[in-house]
Amino acid sequence: MVTNVTVPMNFGIELRNSPTHSNLTLHTSAGKVKASSVILSFNSPVISHMTGTLHMTSVDMLEFGEQAVNLFVDAAYSGTSDGLNNELFRDVNKMSYVFKVNWLSARCNEFFEGMCAAVNTENYDELCSLFEEAVYVMEYSKTKNYLMDVIDKFDRLDCKQNFINQYLVEAERLSTFQLDAVLILAGNEVSFVVETLTTQLKHQFNAKGPQLSDAQKFLLDNANLGLCKQSNSLLFDQLFDVLDNLPEDMARWLYKLHRKSHHVIKPSPKAAAARQNIISNMYHKLDFNMSMDGLLTFISSSDDVSNILMALEAVETWYLVNATNYPSSTNLDFDGLKVNSILMNLIQNLKLRFNDKLPYSMRKLGLWAWAVNGKCIEDLSICAEEAEQCSYVEISCVNGCMKPLKLLSGEAKIRFHFRPPSINHCNLPGDCGFILRTVPSDGSLRQLELCTKEEDYRNELIHYHEQVRSENMHVYFKQDTGWYQYVYPLTWLHFLYSQNNATARDAYTRGENLTSQSRFCVLYNLNNVD
């Protein structure tokens with residue numbers, strides 16, 4: 001059996017400028033960069049395929065500048081993103097995506113978050129730079145993570161309307177992708193776009209006659225005018241008063257546009273007000289002073305443990321707390337190997353109590369208490385097969401989270417994309433999903449509450465269906481270190497944040513080593529319906 005060898009991130013850094021080892025030529029927009037195919041292959045599965053399978057000795061990177069490619073290569077050799085700046089960010093970020101260098105993508109994401117944090121005023125040039133960078137990333141990656149960060153910044157600065165008004169001054173220069181991003185930015189406040197267009201068209205029709213540019217027509221075709229009509233009927237009427245001046249050959253298009261606006265697209269107003277929307281099983285009700293036998297009895301009988309993941313988390317949290325309190329204890333109850341041995345026997349009982357397996361997507365997640373033995377959930381045979389029907393689904397939040405303790409200690413929202421199985425087709429704007437927000441609790445960290453009211457989703461890119469229920473949710477934190485992913489129980493984070501455990505909390509915070517792929521997840525029970 002071949003032994004796996006782990007090498008440091010800066011493996012081979014002393015060979016960076018070695019002509020002997022630099023056997024791969026990277027053609028940039030301004031010259032050539034030489035590098036080791038081995039070092040780059042360690043970091044990029046794409047380059048590994050190019051050199052190892054296709055036997056390529058050169059790679060065309062002609063859309064990227066030489067300085068950016070050099071930084072990309074330096075990063076592969078050093079394991080750091082040192083030297084990354086605003087000028088090189090765009091090229092380096094795209095290279096990390098194209099060549100699938102995940103750890104560098106995470107560093108770029110952190111860099112962009114820093115760029116967002118540095119903007120604290122309504123300076124249009126700075127806001128425009130953030131917005132267009134996020135749109136550029138969305139265009140090639142087809143993901144909205146960067147745009148969501150920018151929208152959060154715009155919301156905090158309360159500058160959406162002013163930005164949209166100025167950004168659309170020269171709408172003709174914008175691509176349909178940029179125009180679509182403007183509509184995403186506006187969200188349910190589509191009146192911001194409609195107001196800008198109405199003002200533009202009034203002046204334009206007076207100066208040049210009644211005609212629409214392609215950009216203006218695109219915005220009108222794709223904006224949720226039905227929502228505008230409901231939220232601001234006066235503005236809606238003003239828009240169509242202006243559009244009534246269009247020539248006869250536009251009459252059919254105008255009729256369809258007006259007819260489409262009668263279909264009000266908005267989330268369902270129904271919300272079960274009396275329903276308890278706190279995620280009740282977020283923190284385990286554990287007595288950390290109980291023995292291992294007491295813990296196993298608790299897991300086997302307590303109604304507070306509602307699924308097999310909670311059972312595993314309970315053991316893991318109990319182990320972590322006791323290992324932290326008694327790091328040099330000789331008590332075998334605190335020994336990781338004994339925890340493994342006992343828990344493996346417990347699994348059979350857990351399978352009898354909890355008939356439903358965990359989703360196939362969770363099979364590679366590790367558990368901290370078992371990390372020394374390299375265990376993952378797959379080893380326990382408690383996950384469904386890939387094609388096997390499962391009662392649970394794993395839902396990851398839209399944005400990564402690198403500071404879970406900080407998030408749970410203040411006001412925050414966590415957004416998820418999810419369409420209930422009972423919803424076969426949805427015409428509502430944005431993505432189906434739900435929002436969990438932090439609310440004060442009796443403990444050291446806040447609890448999470450499912451947002452169900454219409455106003456909770458105003459200005460959001462997702463909408464809520466009342467079929468989504470808080471009692472079907474179990475929330476956990478997926479810790480991504482760049483190499484491994486672990487289930488990190490929220491009960492453990494809660495313990496770390498308690499006042500008498502400041503030392504343990506600070507040690508975790510210093511060594512958490514999270515990437516932008518770390519995130520809150522929900523294990524959702526699909527069978528528990530009314």
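I looked up strand S1 (residues 24-27) first: four bridges join it to S2, and the two run antiparallel. Strands here are DSSP runs of E with at least two residues, helices are H or I runs of at least four, and both are numbered from the N terminus. Strands pair if DSSP finds at least two bridges between them. Leu-26 has Val-33 in S2 as its bridge partner.

The model is predicted: local features need pLDDT of at least 70, side-chain atom pairs count only at pLDDT 80 or more, and totals for chains, interfaces and linings use all residues. Residues are numbered from 1 along each chain as its sequence is written, and side-chain values use heavy atoms, with hydrogens and water left out.

Next I took the whole sheet. It is open, has three strands in the order S2-S1-S3, and its pairing is mixed. Strand S2 (32-35) and strand S3 (58-60) are the edges, each pairing on one side only. Neighbouring strands are turned by 20 degrees against each other on average, direction ignored.

I then checked what covers S1 and S2. Helix H3 (residues 66-78) lies across both, at about 10 degrees to S2. Axes are lines fitted to C-alpha atoms, for helices over the stretch in contact (heavy atoms within 4.5 Å); angles run from 0 to 180 degrees between N-to-C directions.

Last, I looked up Val-38. It sits in helix H1 (residues 37-43). Val-38 counts as partly exposed because its relative accessibility is 46%; buried means under 20%, exposed over 50%, partly exposed in between (1.4 Å probe, protein chains only).

For the whole protein, I noted 20 helices and twelve strands. Of its 530 residues, 51% count as buried.
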